[in-house]
Amino acid sequence: MLVADAGGGGAVQPTIQATAPAAPPRDAKVDDAVQRTIQVSKMGPEPDHAVAYQMRQTLNDSNLSQAQKDEYIAQMAEYATGPWVCTPKGDDHQRSIDAVGKAFEDIGTAWSGDETPELRQQVTDAIGRDVNSGRLDANDLYALVNPSKNPQSDGARQLLTGIRDGAVLNRLSDMLLTDAKREGYNIDKQQNGPATLVAAADIANMAAANGSPASAKAIVNEIGAQMAKGPVAGDMTLMQAMMATTVGGQYGNGIPGRTGFDALSGLINSANSSDPALQKVTDSMFATLVRSGDDKAVGGLDQAGDRKGALGSLDTYMSNNIQRLNENGWRYDSAGEQYENLVQDFTSKVLLDSDNPNRDGTTDAITTEMNRLGTIAFDPHASANDRNAAAQGLGELVGSVKAGANDAYANQKGDNDAKIETIRFFTDKITDKIADLAGPLSDAVKAGVDTGWGAAGDAANNKSRSEIDQATKGITDLANGLRIKLGDLDNAPLIAAYDQRFTEHVPD
C-alpha cells in the first residue's frame, strides 16, 4: 500500500510503508490485465479514453472472478498515485499515470463513450470493497481526488461513494484540508485552495455519514476562521469562491451532489455539534447558503444545477436547529445580525422551492416548534419571562412563515398556479396538523377561521394579492386566532411581545 510520510498530512509524495500489509499473492490474470491497460495508456491522442475502454473490457471479462476484478481496480488506483514499484520512470511513464488518473475521473463523471453509468457503478463498488477490506487506504486514493492533480475531481469523488470505512475517508479529507491551507484561497492568483477545500468537504461528508465527523468539524473551523478575516479574492468570500470554482463540472455538467454548494450544504449537518462556537459558524454558513441566490453568487442557490440534494440538506439543518435559529432571529434583530429574517428567507428561498424534496419534514418541525412555543406562552404556571420569550418566538415564527410565503409568491419564478398550490399545501399542512393537536394553538386556529384578513385583507386591491391571501389562509387564520386568544388572556406584555415580532414580518 502507498502511504504518505509520517506527519505529511498529504503534502508529500507517497512512499512505500515499511510495515504495510502483505500484498495479495501475484495473479497472472490480474497482472496481464494491468499491463494491457498500462500499454494502451501510452497510445493514441486520448489515452484516458483508451484506458476507460480497457477497464470496461476487464470488468466485463467473464474469465475473471470478482476478487480478481477488485484487485485489478486496486492496482490501477495505486498506479494512478505514482510512482509505481517496478515501473520505468520518464515522460512516457508520467503520461501513462496521468491517463489512468484521468480515466478514473472520466468514469466517475460517466460523460460519454465507454465511460458509462454501468462502468461507474462497477468501479465504485470495487473501490468500496477494496477500501472496506483494507486493500486500499487514503494514500492510494489521494492523487485521484486531489485538485492539484485532477482539477475538478468530482468524478473521482463520485467513485468513493461506496466506501463505508469512515476512518479512511476522514484521513483523506484531512490530507486535502492540509493541501488547501497550503495552497491559499485567492483564485485571482490561481490559488487552488477553494477547489481543494470543496473536495475535502465532500469527502468529509462521506466520512461523517460513516461515523467519522472530525474532518467535517475541522473544515467548518477553517471556513469560519477565513470568513472572519474577510474576502479572499476581491470582494469574494471563501464560501463564494468554493461555489464558484466548482460550477459546471469538468465537462460542463457537474455531478449532482458533488458541487461546492452541495458540499457546503452537507457540511453544516456533518459537523453538527453542541459546541456553541461551532454552531455559530454553521448557522452563519447556513444563512450564507440560503441567501446565495440574492448575492448572485456563482454556483449559489440559483445557479447550482441539480439542487435537490443541497436543498434537502438545508431543510435538514433547519429542522434540526429551528428552535435556535428562530430564537436568534428575534434576539439579534437590533444588532443587524445575519440571523435577522433568516426563517422568513429560508421559507421563501428553500422551503417553498419546487425542487425541494424535504418540505414535509421541515413543515412538521415548524409545526412542532409553533406548538411548543404556544404551550409555554399560554401556560399560566410558567414564568413571565418564559411566557414573553415564547410569545416573541411565536410571533417571529408565524410572521416569518406568512411573510416567507408572500415572498415566494412574489419572487420565485415559475407557473403562478403551481406556486399557489405549493404555498396552499404548505400552509394548510401546518394548520391542519395544529388543529389536530389538543392545546392553545389548536383553539387559536379554530378561533381564527372566518375572522378575515383585518387591515391586510382590506388592503388587497388586485387579483394576485387575492390569490396569495387565499393560499395563505391557514396561516392567516392561525395568526388571527392567536391574536384573539392572547387578547382573551388580558396580558398586555404578552400581547405586545407577540405583536412586536409578528408585525416585523407582516406590518399592519
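**Asn341**

I looked up Asn341 and placed this residue in the loop between helix H14 (308-331) and helix H15 (342-351). Helices here are DSSP runs of H or I with at least four residues, strands are E runs of at least two, and both are numbered from the N terminus. I noted a phi near 65° for Asn341, a positive value in a residue other than glycine. Asn341 is partly exposed, because its relative accessible area is 26%. The cut-offs are under 20% for buried, over 50% for exposed, and partly exposed in between (1.4 Å probe, protein chains only).

**Ground rules**

I am working on a predicted model, where local features need pLDDT of at least 70, side-chain atom pairs count only at pLDDT 80 or more, and totals for chains, interfaces and linings use all residues. Residues are numbered from 1 along each chain as its sequence is written, and side-chain values use heavy atoms, with hydrogens and water left out.

**Asp490**

Next I checked Asp490, in the loop between helix H22 (473-489) and helix H23 (492-505). Phi of Asp490 is near 55°, a positive value in a residue other than glycine. Is Asp490 buried or exposed? Asp490 is exposed, because the relative accessible area is 70%.

**H2 against H3**

I then turned to helix H2 (residues 47-59) and helix H3 (residues 66-81). They pack at an angle of about 160°, with axes 10 Å apart. The axes are lines fitted to C-alpha atoms, for helices over the stretch in contact, and angles run from 0 to 180 degrees between N-to-C directions. That angle makes H2 roughly antiparallel to H3, a label used for angles over 145 degrees. Which residues make the contact? From H2 I listed Gln54, Met55, Thr58 and Leu59; from H3, Lys69, Tyr72, Ile73 and Met76. Contact means heavy atoms within 4.5 Å. By class, the contact of H2 with H3 has five nonpolar, two polar and one charged residues.

**Gln68**

Gln68 also sits in helix H3. Gln68 counts as buried because its relative accessibility is 15%. Leaving aside neighbours within four places in sequence, I found Gln68 in contact with Asp27, Lys29, Val30 and Asn63.

**Whole protein**

I logged 23 helices and two strands. Buried residues make up 55% of the 508 residues. Among contacts between residues at least 6 apart in sequence, 73% join residues at least 24 apart. The accessible surface comes to about 20,800 Å² (Shrake-Rupley method, 1.4 Å probe). Carbon and sulfur atoms hold 49% of that surface.

Key:
Parallel < 35°, antiparallel > 145°, perpendicular 65-115°, else oblique. Nonpolar A, V, L, I, M, F, W, Y, C, P; charged D, E, K, R; others polar.
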